[in-house]
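Work through the exercises below with the model in view. Try each task before reading its solution.

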Amino acid sequence: MKTVLSGIQPSGLLTIGNYIGAIKNFVQLQNEYNCYFMVVDLHAITVAQEPEALREASESVAALYLAAGLDPSKANIFLQSHVPQHAELGWIMTTLASMGELERMTQFKDKSAGKENVGAGLFVYPALMAADILLYNADLVPVGDDQKQHLELTRDLAARFNHRFGDYFTQPDPFIPEVGARIMSLDDGTKKMSKSNPNTGSYIALLDPPDVIRKKISRATTDSGREVQYDPANKPEVSNLMTIYSQFSGMTLAEVASKFEGQMYGGFKKELAEVVVAGLEPMQQRYHDIRKSGEVRDILRQGAQNAQAKAENILAEVKQRMGFLPAS
Ligand code: TYM
């Protein structure tokens, strides 16, 4: 059976971009594959985190996984820091990566642009991500479009290891949705929707209450013109809203386009808000129930135990091939 792995950082509030680009696919893939879904807390600390906020966000992302439909009897759900082999293979991958490769990563360029004090962790971040994936010899990695370059680097590092130490790592393939791989910001159709945007009106958080969702959608920037048409090149903002509609309604983009053909933005936005609210409300209810039940910690403990069993074996083989003396 093929292995699937992915992760989300516990930094800020998860958005509908994270849901559409990633979590929704995790939920589908768990039925067919051997799955590992992490909360990547070691990645989150590449920018400064308040300890209490990190603890809260880590448990919250795990609870959102469950609320969105991930089932611990089908998928391993765990925190990256609970499986220490991630950090160890992360170091090994750092030694295989070159400065030039890491400098070319657009996420690093974006996150470090204009900053005087850029943490070294932010720079070597993709080597840790490669370790996450290779530690389970994952075949498929469901992610949004912005992670594609990191996946390519992972493939290069796997090939480099295999070339030097003998064929061992699987070349992982990205699993990127055809529609919704890049949900754009509500205030600017040229920027990705992001949980770290200081303008909270630019994204819809998965835990936003219905009235907040309605307000954010009604205020979303729309392109000049007045008619609802899917045309990403000329009407990026309306096209983005149509993509969101399609993802929450289960309709194809063509169906959405024909449903709203000739209609004005205002009416469309009202219907969009109701579709998003109807999609998120049950998830929010489940989220609050799960948090109250206190079950998250146990699920994470079990998930980490299962993950560690596999990670230990793979790391032992990697170290043996590289020439580390065994401890016993
Ligand atoms: P992160 O935490 O930034 O985002 C989590 C996932 O959500 C997707 N995503 C989006 N998809 C569509 N539209 C958007 N606006 C949008 N914003 C975010 C991301 O593509 C991602 O799939 N480096 C990763 C975390 C990571 C990881 C891994 C992923 C660490 N180790 C191993 C896969 C495998 C990240 O920062 O994602």
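**Exercise 1. Helix α9 against helix α12**

Which residues in α9 meet which residues in α12?

Solution. The model is a predicted one. Start with the α9 side: P210, I213, R214, I217 and S218. Now turn to α12, where the partners are K269, L272, A273, V276, V277, L280 and E281. Next, sort this contact by class: eight residues are nonpolar, one is polar and three are charged. Finish with the geometry. Helix α9 covers residues 210–219, and its axis comes within 9 Å of the α12 axis. The two axes cross at roughly 150°. The crossing of α9 and α12 is right-handed.

**Exercise 2. Helix α10 against helix α12**

Describe how α10 and α12 pack, then list the residues that make the contact.

Solution. Two packed helices are described by the angle between their axes and the distance between the axes. Take the angle first: α10 (residues 236–249) and α12 pack at about 35°. Then the distance: their axes are 9 Å apart. The crossing of α10 and α12 is left-handed. From α10, the contact uses V238, L241, I244, Y245, F248 and S249. From α12, it uses Y265, L272, V275, V276 and G279. By class, the contact of α10 with α12 has nine nonpolar residues, two polar and no charged ones.

**Exercise 3. Helix α3 against helix α12**

At what angle do the axes of α3 and α12 cross?

Solution. Locate the helices: α3 spans residues 51–68 and α12 spans residues 265–293. Their axes come within 8 Å and cross at roughly 130°. That angle makes α3 oblique to α12. The α3–α12 crossing is right-handed. Now name the residues. A63, L64, L66, A67 and A68 belong to α3, and they meet M283, R286, Y287, I290 and R291 of α12. By class, the residues of this contact divide into eight nonpolar, no polar and two charged.

**Exercise 4. The two domains**

Where do the domains of the protein chain lie, and how many residues of each are in contact?

Solution. Domain 1 takes 3–176 + 294–322, and domain 2 takes 200–288. The C-alpha centres of domain 1 and domain 2 lie 30 Å apart. Now count the contact: 11 residues of domain 1 touch 10 residues of domain 2. Look at the side of domain 1 that touches domain 2: α1 and α3 each supply at least two of its residues. By class, this side of domain 1 has nine nonpolar, two polar and no charged residues.

**Exercise 5. The shell around the ligand**

How many residues surround the ligand, and which are the closest?

Solution. Count the shell: 26 residues surround the ligand. The closest are Q9, G17, G21, V143 and G144. Next, find the elements that give two or more residues to the shell: β1 (3–8), α1 (16–29) and α7 (120–134). The largest share, five residues, comes from α1.

Conventions:
Residues numbered from 1 in each chain as written. Predicted model: local features only at pLDDT ≥ 70, side-chain atom pairs only at ≥ 80, totals over all residues. Axes fitted to C-alpha atoms, helices over the stretch in contact; angles between N-to-C directions. Helix = DSSP H or I, 4+ residues; strand = E, 2+ residues; numbered from the N terminus. Parallel < 35°, antiparallel > 145°, perpendicular 65-115°, else oblique. Left-handed = near helix turned anticlockwise from the far one by under 90°. Contact = placed C-beta atoms within 7 Å. Nonpolar A, V, L, I, M, F, W, Y, C, P; charged D, E, K, R; others polar. Near = placed C-beta within 6 Å. Domains from an automatic or database assignment.
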